[in-house]
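Try each task before you read its solution.

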Amino acid sequence: MVSKRTSQVVGSFSGGAGKVPPHKHCRICHEAISIKAEPRVCKDPACLEKHEQDEKNQKTVRIAMFIFFGLFAIPYLLTLVMNIVG
Ligand SMILES: [Zn+2]
């Protein structure tokens, strides 16, 4: 259910040919950004906006999943308790 966007892994740790300094990529447009960049987006306002929207979506999905899980878990736990008590 959780789709993780795989980011490009820089394989320069174990003696790669590339001499690319450590950096990150904007998760929206994949442009190289500072390793300290937080959130992980470039300075493009469009990317920032997209990132914010994604954050909001993720939060909504998380809450929805929590409620969804709760709807299943609570009756299950209740029957479990009833079985133990009864
Ligand atoms: Zn970007």
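Helices (H or I, at least four residues) and strands (E, at least two) are DSSP runs, numbered from the N terminus. Residues are numbered from 1 along each chain as its sequence is written. This is a predicted model, in which local features need pLDDT of at least 70 and side-chain atom pairs count only at pLDDT 80 or more, while totals for chains, interfaces and linings use all residues.

**Exercise 1. Find the elements of the chain and their order.**

Start by counting: there is 1 helix and there are 2 strands. Then read from the N terminus, which gives β-β-α.

**Exercise 2. Check the span of helix H1 against its number of residues.**

The expected span is 1.5 Å times one less than the number of residues. Helix H1 covers residues 45-85, 41 residues, so it should span 60 Å. Its end C-alpha atoms are 58 Å apart, which agrees.

Next, is H1 largely buried or in the open? A residue is buried if 20 or more other C-beta atoms (placed from the backbone) lie within 10 Å of its own, exposed if 12 or fewer, and partly exposed in between. In H1 the number buried is 1 of 41, so the helix lies largely in the open. Over the chain of 86 residues, buried ones make up 7%.

**Exercise 3. Describe the backbone at His30 and at Pro39.**

Begin with the background: most residues other than glycine have a negative phi, and most peptide bonds are trans. His30 sits in the loop between strand S1 (24-25) and S2, and its phi is positive, near 65°. With 13 C-beta neighbours inside 10 Å, His30 is partly exposed. Pro39 belongs to the loop between strand S2 (32-33) and H1. The peptide bond that leads from Glu38 to Pro39 is cis, its omega being near 0°.

**Exercise 4. Which residues make up the largest nonpolar core?**

Such a core is a set of buried Ala, Val, Leu, Ile, Met, Phe, Trp, Tyr and Cys residues joined through C-beta atoms within 7 Å. The largest has 5 residues: Cys26, Ile33, Val41, Cys42 and Cys47. Now take Cys42 and list its contacts (C-beta atoms, placed from the backbone, within 7 Å). Beyond its neighbours within four places in sequence, Cys42 touches Cys26, Cys29, Glu31, Ile33 and Cys47.

**Exercise 5. Where is the pLDDT below 50?**

pLDDT is the predictor's confidence in each residue, from 0 to 100. The chain has a mean of 85, and 80% of its residues reach 70 or more. Over residues 7-12, however, the pLDDT is below 50, and this stretch has 7 contacts in the model beyond near neighbours in sequence. Where pLDDT is low, the predicted coordinates should not be read in detail.

Notes:
Two residues are in contact if their C-beta atoms, placed from the backbone, lie within 7 Å.
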